[in-house]
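Welcome! Please take a moment with the view before reading on.

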Amino acid sequence: MIRYLSAPFSRTLRGTAALAAALAILTTASSAHAKLEVVATLPDLASIARDIGGDAVNVTCIGKPNEDPHYVQAKPSFIVTLNKADVLIENGLELEIGWLPALVDQTRNDKIRVGAPGRIVAADGVPLLDIPTEAVTRAMGDVHPGGNPHFSIDPENGKIMAKNIAAGLALADPSHASAYNDNLAKLLARIDAAEADCLKVMAPFKGTKVVTYHKSLTYFCQRFGLVEVGTVEPKPGIPPSASHVTELIALIKNQGVKVILMEPWHERRTPDTVAEQTGAKVVEFPAQVGGDPAITDYPSLCGNIVPRIAAALR
Ligand SMILES: [Zn+2]
């Protein structure tokens, strides 16, 4: 392109056409480059970032919808993606500790290092549950010292996440701050509407006891009035032992538990065995945006999970 501009026939018609073409390419390239490059660790965060960022951002997501967020398979191509990122959005509370720090270290991009303005932590300001009261040891399983990191499934926390993401995008790209703010307001209204519908559906089941596979529904259960009485895992991230399964079967029978709730990335054998012995139903639900084709964005997440649970409890 530079060669065309300095070529002796640049003033000829052919040169003018070449110049116009070159400028067109430059303009396209610079406007594409003007988009804020956003990388999100998980699908819920990516969805919120797309809704708030609109046309001003280009969002790439690392984790897949039906992949356990603790154990995301990070491909080497993500090092390249992260290297070009202006902003990195993480869940936080060490949910991604198994794979994200190593990936970010290899990118050498100071914009997205921990504590840098380009690093958005969705957990900031979320009222946390399950904060350990004693020093965390390996014997406790995959316990997160800062509190339970599975908060994104509660729409009230979704609104906090959205505010954190909007603020972070505005910091990285002040020229679009008012657009981000407008989009945030629209998204908050949609989350509120979805939450109100879900609360209505769950109202008849207030106080219902449930068992979950992992300690991943604590916030959700609290929001929608369910009582979590046990987990298939004896401790977070620890596979069920025979003795724990025996105890769990007794617990489900004694407490009259009707459902075992689980994400698709856990094994089905244990919950199915427990269900056979107790008459409880296993409800497998998509836990992140995109986990079911109907979950097209964050507001539709609870609207998809809640009816599945309600149907099993009826
Ligand atoms: Zn977990």
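The notes below go from the whole chain to its sheet, its helices and a few single residues.

Keep in mind that this is a predicted model. The protein chain has 11 helices and eight strands. Of its 314 residues, 48% count as buried.

**The chain as a whole**

- The accessible surface of the protein chain comes to about 15,200 Å², and 57% of that belongs to carbon and sulfur atoms.
- Take the contacts between residues at least 6 apart in sequence: 63% of them join residues at least 24 apart.

- Four strands make an open sheet in the order 6-5-7-8, and their pairing is parallel.
- Strand 6 (227–231) and strand 8 (281–284) stand at the edges; each has a single partner strand, so one side of each is left without a neighbour in the sheet.
- From one strand to the next, the twist averages 35 degrees.
- Helix 10 (residues 269–278) packs on this sheet and touches strand 7 (259–262) and strand 8, with its direction at about 170 degrees to that of strand 7.
- Helix 11 (residues 299–313) lies across strand 7 and strand 8, and it runs at about 170 degrees to strand 8.

**How those strands pair**

- Strand 5 (residues 209–212) pairs with strand 6 in the parallel sense over four bridges, and here Val210 stands opposite Glu228.
- Strand 5 also runs parallel to strand 7, joined by three bridges; in this pair Val210 stands opposite Val259.
- Four bridges join strand 7 to strand 8, again in parallel, with Leu261 opposite Val283 in strand 8.

**Which way side chains point**

- In a regular strand, side chains alternate between the two faces of the sheet.
- Where do the side chains of strand 7 point? Val259 and Leu261 point one way, Ile260 and Met262 point the other way, and all are buried.
- Strand 2 pairs with strand 1 (residues 36–40) in the parallel sense over five bridges, and Val39 stands opposite Thr60 in strand 2.

**Two helices that cross**

- Two packed helices are described by the angle between their axes and the distance between the axes.
- The axes of helix 3 (residues 43–53) and helix 6 (residues 155–172) come within 10 Å and cross at roughly 55 degrees.
- That angle makes helix 3 oblique to helix 6, and the crossing is right-handed.
- Which residues of the two helices meet? Helix 3 brings Leu45, Ile48, Ala49, Ile52 and Gly53, which meet Gly158, Met161, Ala162, Ile165, Ala166 and Leu169 in helix 6.

- Look for Ala311, which is found in helix 11.
- Ala311 and Val201 are 110 residues apart in sequence, and their C-alpha atoms are 9.9 Å apart in space.

Notes. Residues numbered from 1 in each chain as written. Predicted model: local features only at pLDDT ≥ 70, side-chain atom pairs only at ≥ 80, totals over all residues. Heavy atoms only, no water. Buried < 20%, exposed > 50% of the residue type's maximum accessible area, 1.4 Å probe, protein only. Contact = heavy atoms within 4.5 Å. Areas by Shrake-Rupley, 256 points an atom, 1.4 Å probe, with all protein chains shown as cover. Pairing = 2+ DSSP bridges. Axes fitted to C-alpha atoms, helices over the stretch in contact; angles between N-to-C directions. Parallel < 35°, antiparallel > 145°, perpendicular 65-115°, else oblique. Left-handed = near helix turned anticlockwise from the far one by under 90°.
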